[in-house]
Amino acid sequence: IKNKWNDKKIKNCWRKKMSKNIRIAAGPCAVESEQQIWEMAYKISLIRDIAKPYGIDCGLRGGAWKPRTSYFVKNNGETKKVFEGVGEIGLQWLSQVAEKYGLPIVSEAMSEMDIRHFGRYLEPERDYIQIGARTSQTFALLYEVGGTPFGIVLKNPQHGVDVKEAVGSVERLIKNREIIYCIRGQKKFIHPGGEDSFAHKSYMEELLKAPNQHPDARNLNNI
C-alpha cells in the first residue's frame with residue numbers, strides 16, 4: 001500500500017533497511033519481571049546467532065504496557081484486576097538487555113502519555129513502538145507517535161482490516177523511520193474494502209470449517 005503524499009511503503013513484514021534478511025520479533029506478550037526479560041533476551045540472542053547465517057535476524061518483543069479487553073479476571077474463584085504490564089520500569093529493563101545482547105526492541109505504547117518514556121530509554125534508530133489493535137485508531141496516540149523518529153509496528157483493529165481505516169492510521173505516521181502494518185486476527189467477517197461481501201463471508205465461513213483447521217484455531221482471531 002502507498003499513501004498519496006509520498007512513496008513510503010506500508011510493509012507487512014519486518015525487513016532491515018537495505019538488507020534482505022528476514023526479521024523476527026520474539027518474546028513475551030507483556031513484560032512481567034526483570035528476570036523474565038533477561039532470560040528471554042539471552043535465549044533470543046542464542047537463536048539469533050544460530051539463525052543469522054541463514055539470513056534471519058531477531059529482535060526482542062515485550063510490552064511494558066499491555067492493554068487487555070477485560071479489567072478483571074477470575075482465578076480459582078477469586079476476582080482480581082488483570083495484569084496490564086509493569087510500566088516505565090519495563091522499558092528500562094528492555095533497554096538494558098538490548099544494549100547487552102544487541103537486540104532491537106518492539107514494545108507497545110498504551111497512551112500518548114507513555115511516549116516520553118520511550119524516548120528516554122529506547123533508541124529511535126534501532127527500536128520500534130508497537131500500537132496494538134485496541135488503540136490502532138486512537139488518534140491522539142497516533143499523532144504523538146508520529147512526531148517521533150521511531151519505527152512503528154501498527155496492528156489492524158479488532159474488528160478486522162479495512163483499507164480506508166488502515167491508510168488513515170498510517171498517514172499519521174508518515175514521518176516515522178519505518179512503518180510495519182501487522183495483520184492480526186479479526187472479530188467480524190469484514191471485507192478489506194469495507195463493503196458487505198457475500199463471497200468474502202462465505203469464504204471465511206468455509207475456511208473456519210475446513211478439515212485442516214485445528215479445533216483451537218476455528219475462530220476469526222487466528223486468521
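Which residues of α1 are buried?

## Basis of the model

This is a predicted model, in which local features need pLDDT of at least 70 and side-chain atom pairs count only at pLDDT 80 or more, while totals for chains, interfaces and linings use all residues. Residues are numbered from 1 along each chain as its sequence is written, and side-chain values use heavy atoms, with hydrogens and water left out.

## Helix α1 and its buried side

The buried residues of α1 are Gln36, Ile37, Ala41, Ile44, Ser45, Arg48 and Ala51, where buried means under 20% relative accessible area, exposed over 50%, and partly exposed in between (1.4 Å probe, protein chains only). They lie on the same side of α1, because they cover an arc of only 155° around the axis, the arc being that of the directions from the helix axis to the C-beta atoms. The face turned away from this buried side carries the exposed residues Gln35 and Ile50. What covers the buried residues of α1 includes β1 (22-26), β2 (56-61) and α2 (88-101), with contact meaning heavy atoms within 4.5 Å; helices (H or I, at least four residues) and strands (E, at least two) are DSSP runs, numbered from the N terminus.

## Helix α5

In helix α5 (residues 163-171), Ala166, Val167, Gly168, Ser169 and Val170 are buried, and the buried residues of α5 pack against α4 (139-146), β7 (151-155) and β8 (179-182).

Strands β3 and β4 run antiparallel and are joined by 4 bridges, two strands being paired if DSSP finds at least two bridges between them. Lysine 74 stands opposite threonine 79 in β4. The hairpin has 2 residues between its strands, and asparagine 76 takes a positive phi near 55° there, although asparagine 76 is not a glycine. Most residues other than glycine have a negative phi. At 79% relative accessibility, asparagine 76 counts as exposed.

## Salt bridges

A search of the whole structure finds 7 salt bridges, each defined as a side-chain nitrogen of Lys or Arg within 4 Å of a carboxyl oxygen of Asp or Glu. Among them, lysine 81 and glutamate 84 meet at 3.9 Å, N to O; lysine 81 is partly exposed at 48% relative accessibility, as is glutamate 84 at 21%.

Arginine 120 forms a salt bridge with glutamate 88, the closest N and O atoms being 3.0 Å apart. This pair links distant parts of the chain, with arginine 120 in helix α3 (residues 115-121) and glutamate 88 in helix α2, 32 residues apart. Arginine 126 and glutamate 99 also meet in a salt bridge (3.1 Å, N to O), and salt bridges that share partners join Glu99, Arg126 and Asp127 into one network.
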